[in-house]
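Hi everyone, thanks for coming.

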Amino acid sequence: MNTETTTGEYMLLFRGPHWDRGLTPDQLQQAMDKVMAWFEGLNEGGKIKSAQPLGTQGRIISGTNGRFVLDGPFAESKEAVGGYLVLRAANLNEAVEIARSMPTLSYGVSVEVRPILAECPIFQRHPDLVQRARERAIQAEQLWVAAAA
Amino acid sequence: MSTTSTAKSDYLLLFRGNVWDRGLSPAQLQKVVSDWMAWFERLKAEGKCVGGNPLEDEGKVISGKQRTVADGPFAESKEAIGGYFYLTVADEMEAIEIAKQCPGLEYGSVVEVRPVADECSIKQRAQEYSNHELAGATA
């Protein structure tokens, strides 16, 4: 794993958005209190760069020119991403320990932890192309700005 | 006279599949790489994308009451999330139109479009329950 290009930021993806299914109102209230306290604690410690819940309606786009637009993923799925958090952490171990403290893990949510990169791995595999691509991107932007003026 | 609504909605584009570049010719790769960078820069210049990042192929997955830590997701996967863009656009239709521009699509990349929720739906459900309780108490 190339850690030189990591940004000190880690993406936490919370999967399994329907974890509240089967909880009584009291259990849900208690769970939400713990979740809010967890977020507030992290936020006060300056660990959260951004975090958002995601709505359940989603679309999956695939195929050339995105010609296939399907509904999905389904919120009932344990794989569906229910929300994300961009965490500031010293290293992957710290990010993992923070992720492990997420209260919803007790209710079936799983948390994926991914280092955020400054540069795409695909670009990393082809560094010779990146320089030329950058030049083309700058040219394209200049054309765009000129056209919009 | 045109009145433009300033109301915007936030959407996340999740780029799924991180091996679609394998098997591309150098010429195809160069085109995809430069098209993708130009796409990102253009969306930012238009104020439609406020940010985006690629994600390291490998990471960890934590699950269960024991908070077991496993390696994952599997690096070579059509499902793995390789990166994201955060969009602020007029509506879902616009988010979908932007997603369709992704240069990786013709090589097998998949784009998931998700609305950013104002509030977690579970938090809303918890709130509804306590509202009902309050209503019951005063009835």
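In chain A, of the contacts with a separation of 6 or more, 76% are between residues 24 or more positions apart; two residues are in contact if their C-beta atoms, placed from the backbone, lie within 7 Å. A quick word on the source: this is a predicted model, where local features need pLDDT of at least 70, side-chain atom pairs count only at pLDDT 80 or more, and totals for chains, interfaces and linings use all residues. Residues are numbered from 1 along each chain as its sequence is written, while chains are lettered from A and ligands numbered from 1 in the order in which they are written.

Chain A has four helices and six strands, taken as DSSP runs numbered from the N terminus (helices H or I, at least four residues; strands E, at least two). Their order is β-α-β-β-β-β-α-β-α-α.

Now to helix α2 of chain A, residues 92-100: which of its residues are buried? They are A:A95, A:V96, A:I98 and A:A99, where buried means that 20 or more other C-beta atoms, placed from the backbone, lie within 10 Å of the residue's own. Those residues line one face of the helix, because they fall within an arc of 160° seen down the axis of α2(A), the arc being that of the directions from the helix axis to the C-beta atoms.

On to the partner: 53 residues of chain B are in contact with 56 residues of chain A. On the chain B side, α1(B) gives the most, with nine residues.

Finally, strand β6 of chain A pairs with β3(B), antiparallel, over three bridges; pairing requires at least two DSSP bridges between the strands. There, A:V111 stands opposite B:I62.

Note on methods: A residue is buried if 20 or more other C-beta atoms lie within 10 Å of its own, exposed if 12 or fewer, and partly exposed in between; C-beta atoms are placed from the backbone.
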